[in-house]
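Q: I have just opened this entry and would like a walk through it. Could you start with the ligand and then move on to the rings?

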Amino acid sequence: MTEPATVAPPRHGPATPLDIDGIRADFPILGTAARDGRPLVYLDNAATSQKPRQVIDAVSRFYASENANIHRGLHFLSERATAAFDVAREKVARFLGAGSPSEIVFTRGTTEAINLVAQSWGRTSLRPGDEVLVTEMEHHANLVPWQVVCEQTGAAFRAVPITDRGELNLDAFDRLLTDRTRLFAVGHVSNALGTMNPVRELAVRARARGALVLVDGAQSAPHFPIDVAELGCDFFACSGHKLFGPTGIGVLYGRKAILDEMPPWQTGGDMVERVTLEGSTWAPPPARFEAGTPPIAEVIGLAAAIDYVERVGLDVIGHREGELLGRATELVRAIPGVRLVGTAREKAAVLSFVLDGVHPHDVGTVLDDEGVAVRAGHHCAQPVMRRFGVPATVRASFAFYNTADEIDALVRGVERARAVFG
Ligand code: PMP
């Protein structure tokens, strides 16, 4: 397996200095202690990111002074909650570059957003002879729902292989993309490798063949500006909790013309137009896909998170994280016995590696002793682990509030793991 000589220079946005102390002060948890009172070094941002007090306050303010169910009640509180909810949808639409708030469906997360498309669009549109194309680097959330719907419909499931660097094999993509491909589902940024995929170019090629394009943006929306129109995708999915917002809230962007044609996948209150005992008709999107009481406080919290990252600036965030990733890559790869897993030319915020002769879980345990929180495992991307011949990796993943000192703590911890187990 070959590794290139250089990896991951900073690449997004301008070099605007950040008031990092001020930013860190916004995140109460960053000031808490980890094991044995050691300062917490939180480098597990790809799993979930921390929340600024602006988000925490928005959620508690909602419960303290605005809580009511939306849409149904005509009373004062319900009107207030409904207005806040609708403003939040408009904010998300603007944040992702959607043409209209009606293209924004609230879900529980990326996983639910992708399952919605698979079970609503896929289950009713796919036929034997059709093909769904994913990639070998997908998170299970953008792989298993497609396997299942292919089994249900008789469509064929295909996957674009990845190279030794952890990039998509574009020749194979061109071979696998055919006139039978009905949908191409691709991660914008791989959570296991950090690879940033050239989604815009891939979308042009896929749509030229008549395929729809779904982008899993769980790992991109928190790190750089997203514009679904510019990406040229039909669907884009992301999760609030990775975007410094609450858990239990995610977003599906869907192109209006396609959402309009899709049937509901869950039914119940708030998604119908007319119900009689003989049958029911559906509300237009997005309500059609939001049966039941939505996660109202979580939506309010997500809007506050978007306000927060927009205030910092997603370009600025991307640039800072590029610097952090560049530093971490250089220092970690210099540790004897370290092999980086994922050395794509375009990467974002994720550093995956293994340490010769030491199980990733043992590296994770030593790091945990030092107060450094990383993830050791397969990262819900088992085909990636198989591709690189490892059972698991250690994954450090960064957010803009991380510091060079925290990367030094990571490096010291890996060196200690090597001394203890190596
Ligand atoms: N896709 C990717 C690339 C992810 O990293 C994740 C979360 N690890 C998901 C999908 C699923 O997101 P969620 O668990 O928030 O639904």
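This is a predicted model: local features need pLDDT of at least 70, side-chain atom pairs count only at pLDDT 80 or more; totals for chains, interfaces and linings use all residues.

Q: Which polar side-chain atom lies 2.7 Å from an oxygen atom of the ligand?
A: That atom belongs to His241. For nitrogen atoms of the ligand, a polar side-chain atom of Lys242 lies 2.8 Å from one, and an N or O atom in the side chain of His139 is 3.2 Å from one.

Q: And how much of the ligand does the protein bury?
A: The ligand taken alone exposes 390 Å², and the protein buries 84% of that. The space that the ligand takes is the second largest pocket.

Q: Switching to the rings, how many aromatic pairs are there?
A: The count comes to 11 aromatic pairs. One of them joins Phe62 and Tyr63, with ring centres 5.7 Å apart and planes at 65 degrees.

Q: Why is that pair edge-to-face?
A: The planes of Phe62 and Tyr63 stand at 65 degrees, and planes over 60 degrees apart count as edge-to-face, so the pair gets that label.

Q: Is Phe62 buried or exposed?
A: Phe62 has a relative accessible area of 1%, and buried means under 20%, so Phe62 is buried.

Q: What about Phe85 and Phe106?
A: Phe85 and Phe106 form an edge-to-face aromatic pair, 5.5 Å centre to centre and with 65 degrees between the planes.

Terms used
Residues are numbered from 1 along each chain as its sequence is written. Side-chain values use heavy atoms; hydrogens and water are left out. A polar contact is a pair of N or O atoms within 3.5 Å; within protein, one must be able to donate a hydrogen and the other to accept it, and residues adjacent in sequence count only if both atoms are side-chain atoms. Accessible areas come from the Shrake-Rupley method with a 1.4 Å probe; for residues, only the protein chains shown count as cover. On a 1 Å grid over the protein atoms alone, a cavity is a set of points where a 1.4 Å probe fits but cannot get out, and a pocket is an open set with protein on both sides within 12 Å along at least five of seven lines; lining residues have an atom within 4 Å of a point. A molecule sits in a cavity or pocket if more than half of its atoms lie within 2 Å of its grid points. Rings of Phe, Tyr and Trp (its six-membered ring) pair if their centres lie within 6.5 Å; planes under 30 degrees apart count as stacked, over 60 as edge-to-face and the rest as tilted. Buried means under 20% relative accessible area, exposed over 50%, partly exposed in between (1.4 Å probe, protein chains only).
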